[in-house]
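Reader: I have a model open on my screen and would like to learn how to read it. Could you walk me through a few features?

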Amino acid sequence: MFWDESGASLLPVTRRTWAPVGRTPVIRHRFKWKRTSMAAALCYGSCGGGAQLAFHHQVGAYDTDTLIGALGQLRRALGGQKATLLWDGLPAHRSRAMRAWLGRQRSWLVVEPLPAYAPELNPVEPLWASLKGVELANLAGDTLNDVITAAERGVQRIRGTPYLAFSFLRHCGLSLW
């Protein structure tokens, strides 16, 4: 499984938009800097099975303790199956507390770091691009709940389109077979 974190705020992710001819498109927002953090795991079956998307969000930034909590929820979502986790070099991934926790999880979890400065090898990055390019594009929400609801709607869209998880993997030049 591949893991990554991202964030979204009340400031809209500006994408191409449209307006009637002769009128400039305008996106109105309140310039609030409140943020929500999101984490996703793309889980691929080792025997050619399907793919699953696990999603977690919270207000504010992730730290070691909140990441440990999210990984604990991921273990429950996987039903206790053994897994290999590939993730980047975020400082919270390399902290002393995280290393100690991961050491206690060796019965079900093996962790492998992705190469430094290689986001193109993580299929969760195209997932974020899809989410931010569709559901979060030009979204000027009044509250963080508006942003979270739109993100969850995007996660449901991706989960409901089984080939997308494999297209994210192919986009990175990776394959299961």
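**Buried cysteines, a helix and a pocket**

Author: Let's start with Cys-172, which counts as buried because its relative accessibility is 10%; buried means under 20% relative accessible area, exposed over 50% and partly exposed in between, using a 1.4 Å probe and protein chains only. This is a predicted model, where local features need pLDDT of at least 70, side-chain atom pairs count only at pLDDT 80 or more, and totals for chains, interfaces and linings use all residues. Residues are numbered from 1 along each chain as its sequence is written, and side-chain values use heavy atoms, leaving out hydrogens and water.

Reader: How many disulfides does the structure hold?

Author: A disulfide is a pair of cysteine sulfur atoms within 2.5 Å. The structure holds 0 of them. Cys-172 is in none, and the nearest cysteine sulfur, that of Cys-43, is 15 Å away. Cys-43 is buried too, because its relative accessible area is 9%.

Reader: Which helix has the lowest confidence?

Author: Confidence here is pLDDT, the predictor's score for each residue from 0 to 100. Helices are DSSP runs (H or I, at least four residues), strands are E runs of at least two, and both are numbered from the N terminus. Confidence is lowest in helix α5, residues 162-171, at a mean of 90, and highest in helix α2, residues 96-104, at 96. The protein chain averages 88, with 92% of the residues scoring at least 70.

Reader: Which residues of α5 are buried?

Author: Those are Leu-164, Ala-165, Phe-166, Phe-168 and Leu-169. Their cover includes β1, β2, β3, α3 and α4. Take Ala-165, which is buried because its relative accessible area is 8%. A contact means heavy atoms within 4.5 Å. Not counting residues up to four places away in sequence, Ala-165 touches Leu-42, Tyr-44 and Ala-51.

Reader: And how should I read a pocket? Which residues are the closest to the centre of the largest one?

Author: On a 1 Å grid over the protein atoms alone, a pocket is an open set of points where a 1.4 Å probe fits, with protein on both sides within 12 Å along at least five of seven lines; lining residues have an atom within 4 Å of a point. About 390 Å³ of space lies in the largest pocket. Of its 19 lining residues, Met-1, Cys-43, Tyr-44, Gly-45 and Ser-46 are the closest to the centre. Strand β4 gives the most to this lining, with 3 residues.

Terms used:
Grid points are joined across faces, edges and corners, and a volume is the space filled by probe spheres set on the points.
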